Amino acid sequence: MPLFGNLFSPKKTPPRKSASLSSLHTLDRSTREIELGLEYGLPAMNIGGQVLKFEEGQWITESGGNASSREVQRLKKKNVQLEEENNLLKLKIELLLDMLTETTVEYHLMEKEVEERKIQHRRKK
């Protein structure tokens with residue numbers, strides 16, 4: 001008989017409360033359209049005088065600052081795109097340099113072979 005009871009037996013968890021207290025899920029589609037309108041629009045909120053809107057998976061500020069948040073995000077996306085393009089172009093340059101090196105080596109080998117054949121031909125005469 002253990003002194004402090006069975007330490008490894010978990011306690012039963014209490015039953016969960018209802019996930020949603022909203023009654024909107026019980027309304028049919030037409031009633032929801034009447035109550036909420038056809039276009040729900042983007043989620044927006046006002047916190048401390050700044051208006052935030054949820055667009056494309058991110059919260060974007062609508063007010064404040066010299067450059068709008070949309071412009072900053074657009075520039076960040078453009079920057080990432082240009083960095084990827086730059087990396088691709090660097091890779092292509094490396095590949096072209098490798099191809100040029102290989103062609104140059106092949107040319108020098110062929111040139112050397114031609115010179116050797118000329119020398120052999122002269123010796124035969």
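**Salt bridges and the sheet**

Q: How exposed is glutamate 113?
A: Glutamate 113 is partly exposed, at 41% relative accessibility. Buried means under 20% relative accessible area, exposed over 50%, and partly exposed in between (1.4 Å probe, protein chains only). The model is predicted, so local features need pLDDT of at least 70 and side-chain atom pairs 80 or more, while totals for chains, interfaces and linings use all residues. Residues are numbered from 1 along each chain as its sequence is written, and side-chain values use heavy atoms, without hydrogens or water.

Q: OK, which residue forms a salt bridge with glutamate 113?
A: Arginine 117, with the closest N and O atoms 3.2 Å apart. A salt bridge here is a side-chain nitrogen of Lys or Arg within 4 Å of a carboxyl oxygen of Asp or Glu. Both residues lie in helix α2, 4 residues apart, about one turn of the helix. Helices (H or I, at least four residues) and strands (E, at least two) are DSSP runs, numbered from the N terminus.

Q: And arginine 117, buried or exposed?
A: Exposed, with a relative accessible area of 55%.

Q: How many salt bridges are there?
A: The count is 3. One of them joins lysine 77 and glutamate 56 at 3.0 Å, N to O. That pair links distant parts of the chain, with lysine 77 in helix α2 (residues 69–124) and glutamate 56 in the loop between β2 and β3, 21 residues apart.

Q: Switching topic: what's the strand order in the open sheet?
A: β1-β2-β3, with antiparallel pairing. Strands pair if DSSP finds at least two bridges between them.
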